[in-house]
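Reader: Hi! Could you walk me through this one? I'd like to start with a loop and then move on to the rest.

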Amino acid sequence: MGKVGVGLAVGCAAAACLIAAVVVGRRVRRRRTWKRAVVVLEELDQGCGAEVGRLRQVVDAMAVEMHAGLASEGGSKLKMLLTFVDSFLNGSEKGTYYALDLGSTNFRVLRVQLGGNSSALLEHEVERKPIPQHLMTSTSEDLFDFIASSLNEFVEKEGDPELSSVKRRELGFTFSFPVKQTSVSSGILIKWTKGFSIENLVGKDVSECLEQAMSKRGLDMRVAALVNDTVGTLALGHYHDEDTVAAVIIGTGTNACYLERADAIIKSQGLLTTSGGMVINMEWGNFWSTHLPRTSYDVDLDADSPNPNDQSFEKMISGMYLGDIVRRVILRMSQESDVFGPVSSRLSVPFILRTPLMVAMHEDDSPDLREVARILNDVLEIPDVPLKVRKLVVNVCDVVTRRAARLAAAGIVGILKKIGRDGSGGVTSARIKTGSQSKIRRTVVAIEGGLYTSYSMFREYLNEAVAEILGEEVSPHVILKVTEDGSGIGAALVAASNSSPSVDSVQLL
Ligand code: ADP
Ligand code: MG
């Protein structure tokens with residue numbers, strides 16, 4: 001071999017080595033960046049840890065905060081608002097009642113016919129419409145005029161001459177914003193949430209404003225009940241099953257209410273109710289405890305929100321936020337590794353990954369996770385994601401959902417603990433005596449909201465955690481029951497029980 005030949009051979013060998021080194025280097029780097037993405041998932045999983053020991057701490061903290069919120073105004077981040085609802089219908093009533101439901105994704109107008117048999121399906125009609133965006137930040141007059149005119153149209157469509165001859169209609173108003181209740185049918189708006197911001201209504205009586213708007217439209221209706229959506233849900237739950245003691249909503253937001261003994265409401269000493277009990281609206285979305293498993297994603301989401309340090313529990317649980325937590329984790333993975341290719345600018349857009357999209361990825365059961373790929377591509381503009389990375393995304397959805405569902409479960413058991421139905425006072429406190437024997441009392445919690453009703457993994461995680469915390473002996477006696485349209489129908493039921501002295505109602509406790 002001549003000099004040239006030797007030089008060529010050496011050159012080729014060197015080039016081959018270089019190519020090999022580059023390939024190996026790339027592989028190592030790829031493995032390293034894959035590892036980094038996995039570490040992000042592992043850290044998330046650790047940070048979201050909601051094992052049963054931790055959940056029991058949350059249960060205790062919830063019960064303690066409930067006590068504190070009942071002891072004094074401002075005594076806890078839980079507002080524990082009085083509702084003045086102290087009795088429910090017993091199911092034998094008849095008549096037609098109306099309801100409005102404001103504060104959900106859609107505004108609803110309802111008519112409910114009570115047939116005199118609570119186990120039979122109530123006849124009801126619902127009309128849903130979105131609130132036009134501009135009215136959410138307009139004036140109180142504009143908003144209530146829209147509501148009154150929708151109600152007017154609904155009433156005018158009544159074909160039944162018997163209904164048209166009804167003199168004065170009774171209305172239940174579900175208004176799912178924090179309200180300081182002054183009676184069962186009136187209350188003052190404390191603050192707006194959920195994107196509403198109409199300053200001239202804050203501090204005013206909500207029912208009075210609605211009644212003014214109705215009378216301007218010539219509508220002869222009386223607001224017989226002003227309730228929160230959870231109270232409506234409890235009323236419907238109780239109508240069907242009188243062992244119902246609490247109601248929880250897990251939809252866009254989350255909240256709960258429950259039946260409390262009047263003498264346990266220390267901040268309103270001397271409160272007299274006919275039944276000796278009262279429904280308390282917890283506003284539990286604002287619950288806070290150092291035992292909550294909080295991650296840097298929660299801290300960032302809170303800091304970027306219009307209401308920092310507010311609604312911390314809700315921000316870990318409800319439909320408004322879960323998708324955005326997942327987006328933040330994917331963004332971190334994308335920044336710290338190259339598993340998603342170059343960082344997509346869409347990943348920095350807040351709330352671009354809405355919870356139903358996150359749910360669709362989590363529930364994708366196709367072998368190649370086609371839906372995950374589609375959403376990553378179409379919504380987040382991340383194309384060509386390999387299967388193992390899609391699996392990573394599904395895992396992120398799972399960790400975030402599992403924590404949310406298990407925390408909501410701990411909240412529910414917290415309520416049961418507060419009212420002595422969790423079996424923690426020895427199982428005895430949850431028992432009732434029947435003759436010489438005693439048995440564990442049946443306890444029902446009404447649940448409503450898209451996350452629980454439409455997201456089966458969420459529902460399963462929540463049910464499983466409630467059973468895990470309560471243990472084998474007590475959990476078969478605690479039933480979580482879905483109600484439908486309870487937030488609206490229930491308002492009509494509360495209106496009915498407060499409309500006429502001739503209507504019988506049952507004791508709460
Ligand atoms: P709202 O809370 O507004 O009264 P819903 O109880 O119907 O209304 O809950 C709607 C919320 O539930 C949405 O904001 C969304 O986050 C969530 N959601 C809607 N569809 C689904 C779904 N298929 N699976 C899980 N969550 C859903
Ligand atoms: Mg709702």
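Author: Happy to! Glycine 195 sits in the loop between strand E8 (186-189) and helix H5 (206-216). Helices (H or I, at least four residues) and strands (E, at least two) are DSSP runs, numbered from the N terminus. This is a predicted model, where local features need pLDDT of at least 70 and side-chain atom pairs count only at pLDDT 80 or more, while totals for chains, interfaces and linings use all residues. Residues are numbered from 1 along each chain as its sequence is written, and chains are lettered from A and ligands numbered from 1 in the order in which they are written.

Reader: Is glycine 195 buried or exposed, and why?

Author: Glycine 195 counts as exposed because it has 12 C-beta neighbours inside 10 Å. The cut-offs are 20 or more other C-beta atoms within 10 Å for buried, 12 or fewer for exposed, and partly exposed in between, with C-beta atoms placed from the backbone.

Reader: How far is glycine 195 from threonine 137?

Author: They are 8.2 Å apart in space, C-alpha to C-alpha, and 58 residues apart in sequence.

Reader: And the protein overall: how much of it is buried?

Author: Buried residues are 46% of the 509 residues. The secondary structure comes to 15 helices and 17 strands.

Reader: What is alanine 99 in contact with, leaving aside neighbours within four places in sequence?

Author: Its partners include Leu110, Val112, Leu171, Gly488 and Ala492. Contact here has C-beta atoms, placed from the backbone, within 7 Å.

Reader: Switching topic: which residues come nearest to ligand 1?

Author: Ser104, Thr105, Gly251, Gly319 and Gly450, of the 13 residues around ligand 1. A residue counts as near if its C-beta atom, placed from the backbone, lies within 6 Å. H10 and helix H13 (450-454) are the elements giving two or more residues to that shell.

Reader: What does H10 meet in H11?

Author: Leu357, Ala360 and Met361 in H10 meet Glu371, Val372 and Ile375 in H11.

Terms used
Two residues are in contact if their C-beta atoms, placed from the backbone, lie within 7 Å.
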